[in-house]
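Visitor: Could you take me closely through one part of this protein, the nonpolar core, and then show me how it sits within the chain as a whole?

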Amino acid sequence: MSLRIFAAVLLLACSAAAQEPPVAGYFSDGRGALRALVGVQGAWQAPALVPTGVESGGFVERLLWYKTANRLWIRMESGEWMVFEVPEGPAAAMFHRERGTWLFHFPTTNEVAEWNPAAESLVFGADDPDLPPPSQWPEVIGEGYVLERAEDALFVKDAEGRTSAVPLADAPVFQLLLVEGGQEKPVGNSFVMPPAAPGDSSTARFRVRNTGSIAVVITRLSIDPGPFRTFDQFFPPRTIAPGDFADFWVRFAPEAPGEYSRTLYINDLKVTLLGSSQGLPVVELETASGWQTLKAGEAAQLGSVERRSVLSRRIRVTPAVPLSVTGEGFQIQADSQAGYYNLSFSSDKVGFARGNVVEGQRTFPVEVTVTDFPTPTPSVELLDEPGPARQIRFRVKLSEAARTNLSVAVSVSFLPDTGLPDDTAVMLLPNSIRTMPLSIAEGAASSGEILLQTGTTAGLIQIRASIGSKTGAASFRIAPGAVALTSAKASVASANAEVILTGYDTVRSASRLAFTFYLKSGQAAAPGRIEVDAAAQFSEYYRSISGSAFRLRAHFPVSGTHTELDSVEVEVFNSVGRVSTGRLRLE
């Protein structure tokens, strides 16, 4: 019987149900979420499928599973989920190839259970002395992929031993902090304001810090009516970038003696503010224009001083009572005249310094600005050759070694070529962000290495580093190119041949494919070269995704003796050119 390949029923995955980037696996991120590993090597994305409560998970031999507190979830081939009650804590999974079953290990009880899909049963007590101990089971998350965990990052290793970082995006998190003496202190369910005399006031500075890795939006900041008021505040809605913060102040200004209590609201967070008022001594600061009455909790500016120099000011208190001072670099000494004190400050640290003059239970913040030498100019140094679908390293260099600790704002931007959309895979890793702060310690001439994922779309990528008003930048292009294939497989069985291609298309213009099957004799199988116009299918697919990663699956009915088939060559065309797989051996 003659052998013939039929082209009439060619199926492209990108024109049917696979209208999304290829899914390489599934994993638990160690932060409570089950995530999918989407894209190709060097252009990974990791959307959350189950956002909370997940302790373990994976994708072993096409079996998707995950573990919550005391439940094991297993996905059937039908798409339905089986749920089993199991010991609490994490779990690990391994495929038993000889039995065709899956083993699950539960470390908290050291039990092993066996999942048999044919019987739809999970039986405890399973074991095989020929298998490695559970502590040595690899964390398999997909075909040819193993997850490796570090302190603050996750890495995927493929079958060829290549390792790349996995970007993560956390749920928005913020923390309320008290800022005092340059230090941040967590605020609990209640906060006691410094006491204030009737007609006087005290203040406290608060900070909302985004401790997550994605932006958080503050939609409410308010206090119940009463003697507590916010000032020097931000106004909702306010977006706070990862690692960034927004400050506000609260003033306690009682009109009469008494004990006061009101509620502070920040989004859904509630904090009870407490305040006390009674008659108290008057504390004053000597200035060039006379004596300035200090208010508890309200900062007084002492002026600026050069690094390592001494700033001196006089303070008096009526009636005369003891005073003390807190804060690094601040000192206070009683004068020979009753009720008068000498306040001094000196520091070797450049920046903003804050101390507190203390009288009884009240604190009077005082602030000093310490000046220093000019800020060095930053520049961006690329450490790897840039290109599409890569994770490259770079660092920030300084024009001279830092003379004090520096804060650098690092950002990456992407300008796609004309007619192309943004590529969300262009990001700073491992937190999947485009803007991040970093610190350079005093004495250092550069930062540590930073990882950038370049995505799969043609365009201009620019990296910027800013220290105050000084900025350095570096840029490179992802050039338009022919379709790049990262994986190509072909197989034949009985009356069907299958070709699977994985790759990316930087210009998102893939349009035509050609398939040529060859016999073991070396001749082309009938009908010869099979050409397919797939422009419409690719165009529809690209409209549904960011980037250009794709996975294409083509099926060919085979008439005749399929064992005569030896190999197939696939050609893919886009607006830039042609790429060929060469002859792929049919498995």
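Guide: A nonpolar core is here a set of buried Ala, Val, Leu, Ile, Met, Phe, Trp, Tyr and Cys residues joined through side-chain atoms within 4.5 Å, where buried means under 20% relative accessible area, exposed over 50% and partly exposed in between, with a 1.4 Å probe and protein chains only. The model is predicted, so local features need pLDDT of at least 70 and side-chain atom pairs count only at pLDDT 80 or more, while totals for chains, interfaces and linings use all residues. Residues are numbered from 1 along each chain as its sequence is written, and side-chain values use heavy atoms, with hydrogens and water left out.

The largest nonpolar core has 31 residues, and those with the most contacts inside it are V499, F515, F517, F538, F556, L565 and V568. Two or more residues each come from β45 (484-493), β46 (496-504), β47 (512-519), β48 (530-533), α1 (535-542), β49 (550-559), β50 (565-573) and β51 (578-585); these labels follow DSSP runs numbered from the N terminus, with helices (H or I) of at least four residues and strands (E) of at least two. The largest share of this core, 5 residues, is supplied by β49.

A second, separate core of 26 residues includes I392, V408, M436 and I463. In soluble globular proteins, nonpolar side chains tend to be buried together.

Turning to the whole, the protein chain has 1 helix and 51 strands. Its radius of gyration, taken over C-alpha atoms, is 33 Å, well over the 25 Å that the globule rule gives for 587 residues, so the chain is more spread out than a compact globule; that rule is 2.2 Å times the number of residues to the power 0.38. Along the principal axes, the C-alpha trace spans about 120 × 55 × 45 Å, and 46% of the 587 residues count as buried.

For a buried residue elsewhere, consider V370, which is found in strand β36 (residues 362-371) and has a relative accessible area of 4%. Leaving aside neighbours within four places in sequence, V370 is in contact with V305, E306, R307, F345, S347, K349, V350 and G351.

Key: Contact means heavy atoms within 4.5 Å.
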